[in-house]
Amino acid sequence: MRQRFDHAVVLGGSFAGLLAARVLADRFACVTVLERDALAGAAGHRKGTPQAHHAHALLARGARFLEERFRGFAEEVVAAGGRVADAGTSVRWFGPAGERIARPIGAPTFQLSRPALEALVRRRVAGLANVTLRGGADVTGVRFDRSERRFAAVSLRDAEARDAEVEADFFVDALGRASRIVEWLRAHGLETPPETRIEIDLTYTTRLHRAPESARGLVVTVGGEHGTRLGALLRLEGGRWMATLGGYCGDAAPRDDAGFLAFARSLASPAYAEAIEGLEPLGETRSFRTPASLRRHFERIAEPAAGLVVLGDAACAFNPVFGQGMSSAALQAECLAETLSDARACEDERRFVRSYYARSAVAVDLPWQLAAAEDFRVPGVRGERPRAFLLQRRFAARLRVATTRDAEVAAAFTRVGHLLAPMRSLFAPRLLARIWRASGRGVDAKTERLAGVSAGPAA
């Protein structure tokens with residue numbers, strides 16, 4: 001592996017691919033990013049990221065990654081019209097148990113639209129001397145060297161419909177949900193990863209509004225009479241609010257003005273509808289459907305092929321109810337950087353791949369658990385529930401109530417939600433005592449309903 005640090009190729013130039021290119025640039029002489037869409041410098045929407053029209057949040061862990069890898073990035077966010085705010089107070093959180101107490105946690109997050117944020121990252125990556133961004137390059141397949149048992153090249157079609165092949169020493173698949181990695185592995189007779197799938201049938205419906213200058217974003221999670229509905233209202237550059245309404249299990253918000261507002265009024269808290277009533281809509285209302293959360297367990301492949309690893313949504317694409325998608329990609333990029341710095345892992349190409357997947361599996365666990373816990377609060381969601389689900393469900397009920405009554409508990413949960421602390425931090429004895437006291441005596445059915453936890457059987 002030490003002798004193959006010449007050329008790395010990243011498949012996909014979206015957020016995850018750009019972060020992968022950034023860490024690869026520290027170790028490889030040359031890094032090429034292949035992206036199907038044209039890569040213009042402006043902060044516009046790309047065909048390959050239809051989800052970018054809907055609410056995105058960069059968690060504090062993701063913001064920390066960007067600031068560490070691109071010094072002065074926070075100042076660029078502000079210059080682009082975005083905001084830098086403490087993760088504990090930047091957004092109001094409403095759940096079935098009430099509003100979570102806002103308390104600073106000393107970690108910033110960036111408030112900027114997905115296209116604008118991606119444009120800032122792309123400009124920084126493009127400015128690296130050893131990185132080439134190649135737009136209009138549609139990856140169509142891979143070539144596998146059976147003698148060395150490693151991926152050796154990718155085939156692509158350019159904007160003029162010309163076919164070509166690109167060889168490299170190392171590849172990163174960051175093609176997102178559109179990745180064909182399982183198909184490619186199967187075509188070459190290689191082991192494919194086991195999958196965990198949670199059927200959510202979630203539809204996001206989004207429109208922009210002109211926002212009041214003093215506006216602060218808010219999130220309303222599932223609960224109340226309609227246990228399938230949620231909403232996010234986020235501040236963007238240009239004095240805009242992005243209002244996204246979500247519905248599980250086919251429950252979608254209408255796109256007309258009256259239906260959109262009626263859906264907003266049905267959320268567990270009236271704060272959402274009150275915030276957007278009377279505001280000027282901007283542009284068309286859009287919808288985006290996510291049928292399932294999907295995690296591919298590459299760490300369980302016994303003998304992975306060398307030369308290629310998978311990062312981002314191609315490995316784990318979950319319901320971004322907590323806004324974890326971009327920050328999860330940052331965590332996986334960190335794992336790639338750690339593996340590239342591990343001399344022992346780099347001694348052997350297959351050991352390198354196993355080491356990376358072991359690290360990334362641990363990194364993805366937290367955002368996956370958080371999103372899955374939210375998904376399974378909804379009756380009708382089907383999939384593999386975690387072990388000891390009943391115990392976790394009752395703890396979650398207490399925790400959600402406690403975050404509305406105890407500022408220290410709320411801050412601790414916010415740190416976990418922003419991927420700054422592991423889930424086990426919530427089980428520290430002192431914090432457990434505070435959760436117990438704040439949530440009252442016993443966890444009865446009423447308390448569980450208050451916290452919006454589904455009691456349905458595992459599917």
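How many of the residues of helix 1 (residues 15-24) are buried? Ten of its ten residues are buried, so helix 1 is mostly covered; buried means under 20% relative accessible area, exposed over 50%, and partly exposed in between, with a 1.4 Å probe and protein chains only. This is a predicted model, in which local features need pLDDT of at least 70, side-chain atom pairs count only at pLDDT 80 or more, and totals for chains, interfaces and linings use all residues. Residues are numbered from 1 along each chain as its sequence is written, and side-chain values use heavy atoms, with hydrogens and water left out.

**The protein as a whole**

- The protein has 13 helices and 19 strands; these are DSSP runs numbered from the N terminus, with helices being H or I of at least four residues and strands being E of at least two.
- Of the 459 residues, 58% count as buried.
- The protein exposes about 19,100 Å², and carbon and sulfur atoms supply 50% of it; accessible areas come from the Shrake-Rupley method with a 1.4 Å probe, and for residues only the protein chains shown count as cover.
- Among contacts with a separation of 6 or more, 72% are between residues 24 or more positions apart; contact means heavy atoms within 4.5 Å.

**Helix 1 and helix 2**

- The buried residues of helix 1 include F15, L19, R22 and V23.
- Helix 1 packs against helix 2 (residues 60-69) at an angle of about 40 degrees, with the axes 11 Å apart; axes are lines fitted to C-alpha atoms, for helices over the stretch in contact, and angles run from 0 to 180 degrees between N-to-C directions.
- Helix 1 and helix 2 are therefore oblique to each other; angles under 35 degrees count as roughly parallel, over 145 as roughly antiparallel, 65 to 115 as roughly perpendicular and the rest as oblique.
- Their crossing is left-handed, a term used if the near helix is turned anticlockwise from the far one by less than a right angle, with right-handed used if clockwise.
- F15, L19, R22 and V23 of helix 1 meet F65, L66 and R69 of helix 2.
- By class, this contact has five nonpolar, no polar and two charged residues; Ala, Val, Leu, Ile, Met, Phe, Trp, Tyr, Cys and Pro count as nonpolar, Asp, Glu, Lys and Arg as charged, and the others, Gly among them, as polar.

**Helix 8 and helix 9**

- Helix 8 (residues 325-340) and helix 9 (residues 349-375) pack at about 150 degrees, with their axes 9 Å apart.
- These two helices are therefore roughly antiparallel, and their crossing is right-handed.
- Residues of helix 8 in the contact include S328, L331 and Q332, and those of helix 9 include F352, S355 and Y356.
- The contact divides into nine nonpolar, five polar and two charged residues.

**Helix 11 and helix 12**

- Helix 11 (residues 407-417) and helix 12 (residues 429-439) pack at about 120 degrees, with their axes 9 Å apart.
- The pair is therefore oblique, and helix 11 passes helix 12 in a left-handed crossing.
- E408, V409 and A412 of helix 11 make the contact with R430, L431, R434 and I435 of helix 12.

**Two single residues**

- R437 is found in helix 12 and counts as exposed, at 58% relative accessibility.
- R437 and A402 are 35 residues apart in sequence and 8.1 Å apart in space, C-alpha to C-alpha.
- H209 is in strand 12 (residues 195-210) and is buried, with a relative accessible area of 0%.
- Leaving aside neighbours within four places in sequence, H209 has contacts that include G239, R240, W241 and F260.
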